[in-house]
Amino acid sequence: MSASGSVGGTARREPHAPESTIGRKSDYLHAESTLRSWFLTTDHKRIAILYLASITGFFVIGALAAGVVRLALIVPNGAIMTNDTYNKAFTIHGVVMVWFFLIPSIPATFGNFLIPLMIGARDLAFPKLNLTSWYVFMAGALFTLVSVVLGGVDTGWTFYAPLSTAFSNTWVLPALIGVTIVGFSSILTGLNFVVTIHTMRAPGMTWFKLPIFVWAHYATSLIFLLATPVITTALILLIAERAFHIGVFDPAYGGDPVLFQHLFWFYSHPAVYIMVLPGMGVISEIVPAFAQKKLFGYRFVAYASIGLASVTFFVWGHHMFVNGQSDLASLVFSALSFAVAVPSAVKVYNWTATIHKGALRLDTPMLYAMGYIGLFVLGGLTGLYLATLAINQHIHATYFVVAHFHYIMVGGTVLAFLGGLHFWWPKFTGRMYSEPWGRVSALLIFLGFNVTFFPQFILGYLGMPRRYATYPAEFQLLNVLSSAGATILAAGYLFPMLYLVYSLWFGRKAPANPWNAKGLEWETSSPPPTHNFLSPPEVPRIPYDYPIQAQEARDQHG
Amino acid sequence: MSEPLADGVGVARAHHFESVAQQREAATLGIWAWLITELLLFAALFLVALITRIQHPEATVAAAKHLKFWIGATNTVVLICSSLTMSMAIEFSRMGWQRAMVRAMLATAALGGLFLVLKGYEYYADWAEHMMPFLSDRPFALAETPAARLFVNLYYVATLLHALHLFTGITLLLGMTWMAARAGFLARHQNWIEVYGLYWHFIDLVWILAFPILYVVNR
């Protein structure tokens with residue numbers, strides 16, 4: 001029963017296949033081609049592609065809004081647009097980028113596509129639930145975008161009460177409802193991953209043979225499951241307060257606005273690691289493949305993923321140092337926030353140790369990975385500034401914070417996303433992209449990113465507050481520099497959209513394993529067949545079983 | 001469990017699972033993971049209610065005393081009884097007694113419905129007592145302190161959220177009863193009953209937490 005099941009019955013049917021299907025490719029992309037077969041699919045790989053297309057759309061919307069913000073800040077006096085327009089632009093940028101791009105980006109696309117392949121399963125544990133979560137995601141995201149069409153929201157992505165419940169006269173309610181709905185999509189995705197990783201591993205695929213990508217997604221899924229319900233509660237309370245005056249946060253109704261911050265950041269600080277951990281997983285796959293070397297300290301990297309996911313639940317109070325919480329609470333949150341640096345540093349050291357003396361190949365994915373490591377280190381170190389109580393008093397709510405979280409969230413997620421996209425593009429599509437263009441885009445993005453966001457560290461340190469449409473004239477030079485960098489960054493983002501789409505039709509056909517990488521996903525064809533593997537994959541003896549590792553072992557013993 | 005029997009009790013293997021045992025394990029782990037998220041959804045509310053009580057004991061106790069204790073207590077009993085009938089339904093499904101299982105499921109749904117009716121009456125009594133601080137056209141009659149208002153508001157959010165879960169649960173249960181009454185259901189989907197049973201017990205459990213936190217503490 002199970003032997004014939006493993007090839008999905010295709011082999012049995014083929015001799016009697018109808019004329020029209022003979023010669024048709026059997027990979028997941030070409031198995032069926034109707035719209036219906038895409039929108040009602042339960043194949044994790046097709047659902048990943050649905051996500052990829054939709055989050056790319058949201059990325060473009062968020063990026064355009066960022067362009068509007070940088071445009072406004074070219075002049076100090078707010079002459080280009082009204083304060084109101086500016087507020088709405090940065091709110092759309094934040095809401096769309098955080099909720100509809102960064103959080104689902106790597107888990108929903110690469111995670112969906114790769115986790116079953118990497119563990120040798122035929123699909124996720126709950127394929128229909130997986131499709132449902134995409135529809136929930138789209139419903140929530142489009143609901144939020146309705147508010148933009150109607151006239152926009154001006155609360156910022158954090159929806160702080162009582163601004164969002166009592167004072168803002170914009171379309172807060174549809175935005176809130178949309179974000180609440182999207183949360184359920186995260187929960188369902190996380191749940192599916194946890195169950196899949198626990199129950200669907202191929203025989204012999206033990207926990208400590210799992211790729212770090214899978215470990216990272218396991219840790220991320222735990223955050224999805226344990227943090228998202230709390231923000232759902234917070235958003236439900238916000239909706240109840242704004243719509244029905246059931247007061248919980250507004251002091252006028254007997255509520256407490258600080259309560260909202262507690263509930264919000266209890267989710268939203270762990271959410272940073274929803275964005276960063278999957279990126280770390282991607283980097284942990286790319287670096288060994290392009291150094292052709294075993295990942296240094298595999299177990300420590302795995303433990304560090306779980307460690308980060310745990311510590312991140314105890315640091316939300318560092319967002320509230322200046323809101324009047326007790327000194328003791330601030331001290332404790334400050335100390336715990338420093339602890340985040342430990343597992344983060346473990347990962348960075350392990351990547352650099354993997355690169356050390358490796359047979360390096362600086363192809364596009366590796367360029368992105370190295371850019372990622374650089375930006376993540378700078379973002380992480382400035383995080384220590386922010387966790388320090390006294391320094392935080394000076395730079396709280398300034399552009400220093402903006403620069404810091406862009407280094408972490410863009411440097412840490414977008415670069416990993418693009419690196420992973422290039423790394424697995426042959427697997428997703430069966431086509432190779434243009435390597436020279438890929439390298440140009442990776443370098444442009446690294447350059448553009450630093451020109452955009454490094455000046456913001458200085459601006460923030462000099463005292464320019466975030467979220468204002470106007471600023472003192474002496475900050476203009478650095479702001480113009482930042483806006484100029486954003487143009488370079490935009491070009492860097494545009495190139496992959498063009499040459500990757502071009503490669504879909506004109507790219508060279510990809511072999512099963514173009515990078516000579518290890519991992520079960522490279523053992524099946526590119527693109528994979530509908531049921532992932534034509535014969536049950538052979539689980540490797542050790543994870544990241546690269547040849548140099550064997551060489552080193554010989555050197556040590558002989 | 002083994003592969004399904006023609007007319008017996010079992011689970012039909014879905015194409016992407018290697019074995020029925022794996023499928024059962026995935027379903028059980030999945031519902032438990034979901035229940036943890038549901039518990040956290042309520043936990044945030046309960047935690048806020050408890051902290052409000054600790055920080056403002058007099059105002060919250062004064063407000064809590066206006067909650068309809070006997071309706072809450074009766075509803076607790078009603079839900080515990082419904083958990084019993086749901087457990088019976090699961091036992092019957094394991095033994096293959098389809099007709100008894102369907103009856104136990106209908107009894108469960110009926111008890112859930114009774115809870116909602118009693119809860120609705122309680123809301124009506126609250127309304128008559130001017131205990132809804134969010135209604136601007138009906139002045140709030142209880143002690144006019146922020147903490148009392150906050151506590152009463154939390155009571156409405158928590159109980160409405162629970163009622164919403166119960167309503168969803170009853171709808172799902174009736175839909176499933178309709179399917180489960182057909183021949184051959186238990187041979188293919190016996191574990192649906194088990195998985196759903198966990199969800200029902202969870203709804204019961206949340207009320208068993210809500211009742212002391214909202215109605216009983218410091219009474």
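This report describes selected helices and residues of chains A and B in a predicted model.

Helix H4 of chain A runs over residues 44-72 and so holds 29 residues by the DSSP assignment. From its first C-alpha to its last, H4(A) reaches 42 Å, which is close to the 42 Å expected at 1.5 Å a residue.

The N-terminal end of H4(A) is capped by Asp43(A), a side-chain oxygen of which lies 2.9 Å from the backbone nitrogen of Lys45(A).

## The pairing of H9 and H10 in chain A

Two packed helices are described by the angle between their axes and the distance between the axes. For helix H9 (residues 212-244) and helix H10 (residues 257-291), both of chain A, the angle is about 160° and the axes are 8 Å apart. Because angles over 145 degrees count as roughly antiparallel, H9(A) and H10(A) are described as roughly antiparallel to each other.

The crossing in which H9(A) passes H10(A) is left-handed.

Thr452(A) belongs to helix H17 of chain A, which spans residues 435-462. With a relative accessible area of 2%, Thr452(A) is buried, because the cut-off for that class is under 20%. The side chain of Thr452(A) makes two backbone contacts that can be described together: it reaches the backbone oxygen of Gly485(A) at 3.2 Å, and it reaches the backbone nitrogen of Ala486(A) at 3.0 Å.

Helix H18 of chain A, covering residues 476-506, contains Ser483(A). Ser483(A) has a relative accessibility of 9% and therefore also counts as buried. Between Ser483(A) and Pro455(A) there are 28 residues of separation in sequence, while the distance in space, taken from C-alpha to C-alpha, is 10.0 Å.

## Ala62 in chain B

In chain B, Ala62(B) is placed in helix H2, which consists of residues 57-64. The relative accessible area of Ala62(B) is 36%, and this residue is therefore classed as partly exposed, since that class lies between the limits of 20% and 50%.

Technical notes. Residues numbered from 1 in each chain as written. Chains lettered and ligands numbered in written order. Predicted model: local features only at pLDDT ≥ 70, side-chain atom pairs only at ≥ 80, totals over all residues. Heavy atoms only, no water. Helix = DSSP H or I, 4+ residues; strand = E, 2+ residues; numbered from the N terminus. Expected span 1.5 Å × (residues − 1). Polar contact = N/O pair within 3.5 Å; in protein donor to acceptor, adjacent residues only side chain to side chain. Axes fitted to C-alpha atoms, helices over the stretch in contact; angles between N-to-C directions. Parallel < 35°, antiparallel > 145°, perpendicular 65-115°, else oblique. Left-handed = near helix turned anticlockwise from the far one by under 90°. Buried < 20%, exposed > 50% of the residue type's maximum accessible area, 1.4 Å probe, protein only.
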